[in-house]
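Colleague: Thanks for making time for this. Could you walk me through the model, one question at a time?

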2 protein chains.
Amino acid sequence: MNKLLIVGSVAFDAIETPFGKTDKILGGAGTYIGLSASFFKHQTAIVSVVGEDFPQEYLDLLTARNIDVSAIEIVKGGKTFFWSGRYHNDLNSRDTLVTELNTLADFEPKVPENFKDADVVMLGNLHPLTQISVLDQLTKAPKLVVLDTMNFWMDCALSELKQVIARVDVITVNDEEARQLTGEYSLVKAAAKIQEMGPKFVVIKKGEHGALLFHEKQIFFAPALPLEEVFDPTGAGDTFAGGFTGYIAQSENISFENMKNAIIYGSNMASFCVEEFGTKRMERLQKEEVLERLQQFRALTQFDIALEK
Amino acid sequence: MNKLLIVGSVAFDAIETPFGKTDKILGGAGTYIGLSASFFKHQTAIVSVVGEDFPQEYLDLLTARNIDVSAIEIVKGGKTFFWSGRYHNDLNSRDTLVTELNTLADFEPKVPENFKDADVVMLGNLHPLTQISVLDQLTKAPKLVVLDTMNFWMDCALSELKQVIARVDVITVNDEEARQLTGEYSLVKAAAKIQEMGPKFVVIKKGEHGALLFHEKQIFFAPALPLEEVFDPTGAGDTFAGGFTGYIAQSENISFENMKNAIIYGSNMASFCVEEFGTKRMERLQKEEVLERLQQFRALTQFDIALEK
C-alpha cells in the first residue's frame with residue numbers, strides 16, 4: 001500500500017458565517033487534508049503540533065480514520081494554534097479576527113522513520129522553511145510532492161517560498177495567488193510561469209468557479225458542484241488537496257490523465273466540506289455518498305457531440 | 001432545413017480596452033448572434049433596424065454568411081444605434097460612455113412572412129415589448145424560443161420583462177442578473193425560481209467562469225476556454241447565444257442532452273469572439289477552427305474514472 005505523508009496544522013477554528021457561528025472547533029489544514037484523504041486506500045500519517053489543550057477525542061477521530069497521529073507532537077503546557085474568521089455575505093471573502101500561532105510558532109516537524117520513504121507527500125500551507133525541513137528529512141525521492149501555500153508567504157517569505165516551489169511536482173494556489181506570484185493576470189500565462197519555477201503540474205483553485213490543472217500545453221478543468229447553499233467554506237481548499245493526494249496515493253499513477261481524475265475527486269470532496277460548519281460534514285461522510293456525487297460530476301461535465309459529416 | 005429567426009440590434013460600437021481602442025465599428029447583439037449562428041446549417045434571418053448611415057458592406061458581410069437581411073429595416077434619414085464603452089483592466093467590468101438609441105428608439109420589428117413559422121427564435125437583448133411583438137407575429141408555435149435580456153430591463157421594465165419570460169423556453173442571463181431577477185444568491189436556487197416564471201431551461205452565463213444550464217433537477221456546466229489573452233469581451237454573450245441557437249436549429253433536437261452540446265458550442269464560439277476587437281475574429285473564423293477547438297473543449301472537460309471495486 002502506498003504511503004501518504006501529510007504535513008499541516010491541526011488546530012482550533014472559530015467561524016462566523018451569515019448562517020451562524022461556532023465556538024472553538026476542530027480545524028487546521030492537516031486535519032482537513034487527512035479527513036478527506038482517508039476516503040482512499042493508502043497508509044497515512046499527519047506531521048503536526050498541538051498544545052496540551054487539544055482534546056484526545058479529536059486525535060481519536062483521526063485515528064478512527066486510519067490516520068497515524070503519532071507524529072502530531074503534543075507540547076507540554078503549550079496551546080494549540082487558533083484561528084478565527086468571519087465570512088462576508090457572499091462567502092467569497094472573509095476577515096481574520098484572531099490568529100494565535102501558539103505552539104505552531106516554534107514547530108519543528110519530525111517525519112516518522114516509517115514515512116521517510118513516503119510515496120506521496122502533501123505539504124499543507126505552512127511556513128516554507130517548515131515545508132523544506134520535511135523534504136530534507138526524506139530518505140527516498142517520493143513519486144509525487146504536492147505543495148499548498150498562500151499569499152501570506154508571498155508577502156513575507158518569498159525567497160524561501162521559491163526554494164520550496166522549486167522542489168515540488170505539483171503546486172496548488174488560488175487564482176489571486178497565482179497572479180500575485182507571477183505578475184500575470186491571465187491564468188494560462190501565470191501557470192506557464194509557475195511551471196518555469198519548478199512544478200510540472202499547477203493546480204489553480206477558483207473556489208465556487210472550480211479548479212484548473214495545467215501541465216505543459218495541456219489544461220483540464222474541474223467545476224465546483226453547484227450547490228443550493230454553501231454553509232461554511234472553511235477547509236474547502238485543504239479538503240480539495242486531500243481528495244487530490246488521497247486519490248493519487250491510492251491509484252499509484254501520476255500521469256496527467258490520472259491527475260484529471262484526482263482533481264475531480266478533489267472537487268467532489270470539497271463539495272461536501274462546505275455543506276456544514278467546520279469538519280462536521282466530513283466526519284459523517286460515507287464512501288457511498290462520494291461515489292454517488294461522482295455521478296453528479298459526470299452528469300455535470302460529460303457530453304457527447306457526434307462528429308459532423 | 002430548419003428556420004432560425006434572430007431579433008437583435010445591428011449597430012455601431014466604439015470600444016476601449018487596455019489593449020487599444022476602435023472608432024465606430026460593426027456591432028450589435030443581432031450581428032454577433034447572426035455571425036456565430038451562421039457556422040451551422042439552417043435558414044436564417046435577422047429582424048432589426050439601422051439608419052441610412054449604416055454601410056452597405058456590413059449588410060453584405062451578413063448576406064455572405066447566408067443571413068437574410070431583408071428584415072433589417074433601413075430608416076431614411078435615420079441614424080444607427082451607437083454604443084461606446086470602456087473596459088477596466090481585468091476586462092470583467094466596463095463603463096458605458098455613450099448610448100445613442102437613434103432608430104432603435106422607435107423600432108417596430110416586422111417578421112418576414114417566410115419566417116413567421118420559424119423553428120427556432122432567438123430574441124436578442126431588446127426592450128421586452130419589442131420581443132413580445134415578435135412572438136405575437138408568429139403564425140406557428142416554434143420548437144424553441146430563446147430569450148436574452150439584461151439588468152437594464154429588470155430596473156425599468158420588469159413587468160413587461162416577466163411577460164416575455166413567461167412565453168419562452170430558454171432564458172440566458174448572467175449570474176448577477178439571475179440574482180437580481182430572483183433575489184436568490186445561490187444560482188441553483190435562482191435557476192429554480194426562474195423556471196417557475198416560465199422557461200423550462202435556464203442558462204446562466206458566468207463570463208470567464210463558463211456557463212450553467214439548468215433544467216428541472218439537472219445541471220450541466222460548460223467552461224470558458226482558458227485563453228492566454230482576452231482582447232475584447234464585447235459580443236461574447238451574443239456569440240454564445242448564436243452558437244447555442246445555431247446548433248439547436250441545425251440539429252433539430254431540443255432535448256436536455258442535445259442542449260449540453262449546444263452550450264459547449266456556445267462557449268466554443270464565444271472563445272473566438274474575445275480574441276480580437278469587435279467582430280473581426282468572427283469574420284475570418286473558419287469551420288475547421290471551430291471543430292479543432294471542440295477537441296480542446298473535450299480535452300478540457302472529459303475524464304474517465306474507473307468504477308472502484
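What follows is a short exchange about this predicted model.

Colleague: Happy to start with symmetry. By what turn can chain B be laid on chain A?

Modeller: The superposition gives an RMSD of 0.0 Å, with a shift of 0.0 Å along the axis. That is the relation of a two-fold axis. The same surface serves both copies, since 100% of the contact residues of chain B recur in chain A. The turn you asked for is 180°.

Colleague: Nice. How much area is buried between chain B and chain A?

Modeller: The size of an interface is often given as the accessible area lost when the parts come together. Here the contact takes 41 residues from chain B and 41 residues from chain A. Carbon and sulfur atoms give 51% of the buried area, and the total is about 3,800 Å².

Colleague: Which element gives the largest share of the side of chain B that touches chain A?

Modeller: Between the two chains there are 22 residue pairs in polar contact. Several elements of chain B each supply at least two residues to that side, among them helix H7 (187-197), strand S15 (218-222) and helix H8 (236-251). The largest share is 9 residues, and it comes from H11(B).

Colleague: And which residue of chain A forms a salt bridge with Glu229(B)?

Modeller: Across this interface the rule finds 2 salt bridges. In the one formed by Glu229(B), the closest N and O atoms are 2.7 Å apart, and the partner is Lys189(A).

Colleague: Is Arg281(B) buried or exposed?

Modeller: Arg281(B) sits in helix H10 (residues 280-284) of chain B. Beyond four places in sequence, Arg281(B) touches Phe272(B), Cys273(B), Glu275(B), Glu276(B) and Glu289(B). Its relative accessibility is 6%, under the 20% cut-off, so Arg281(B) counts as buried.

Colleague: Last one: which residues touch the most other members of the largest nonpolar core?

Modeller: In soluble globular proteins, nonpolar side chains tend to be buried together. Leu5(B), for example, is in contact with residues including Val47(B), Phe115(B), Met122(B) and Leu138(B). Of the 224 residues in the largest nonpolar core, those that touch the most other members are Leu5(A), Leu123(A), Leu5(B) and Leu123(B).

Conventions:
Residues are numbered from 1 along each chain as its sequence is written. Chains are lettered from A and ligands numbered from 1 in the order in which they are written. This is a predicted model: local features need pLDDT of at least 70, side-chain atom pairs count only at pLDDT 80 or more; totals for chains, interfaces and linings use all residues. Side-chain values use heavy atoms; hydrogens and water are left out. A nonpolar core is a set of buried Ala, Val, Leu, Ile, Met, Phe, Trp, Tyr and Cys residues joined through side-chain atoms within 4.5 Å. Buried means under 20% relative accessible area, exposed over 50%, partly exposed in between (1.4 Å probe, protein chains only). Contact means heavy atoms within 4.5 Å. Copies are superposed by least squares on the C-alpha atoms of residues with pLDDT of at least 70 in both. Buried area is the accessible area (1.4 Å probe) that two parts lose on being put together, summed over both. A salt bridge is a side-chain nitrogen of Lys or Arg within 4 Å of a carboxyl oxygen of Asp or Glu. A polar contact is a pair of N or O atoms within 3.5 Å; within protein, one must be able to donate a hydrogen and the other to accept it, and residues adjacent in sequence count only if both atoms are side-chain atoms. Helices (H or I, at least four residues) and strands (E, at least two) are DSSP runs, numbered from the N terminus.
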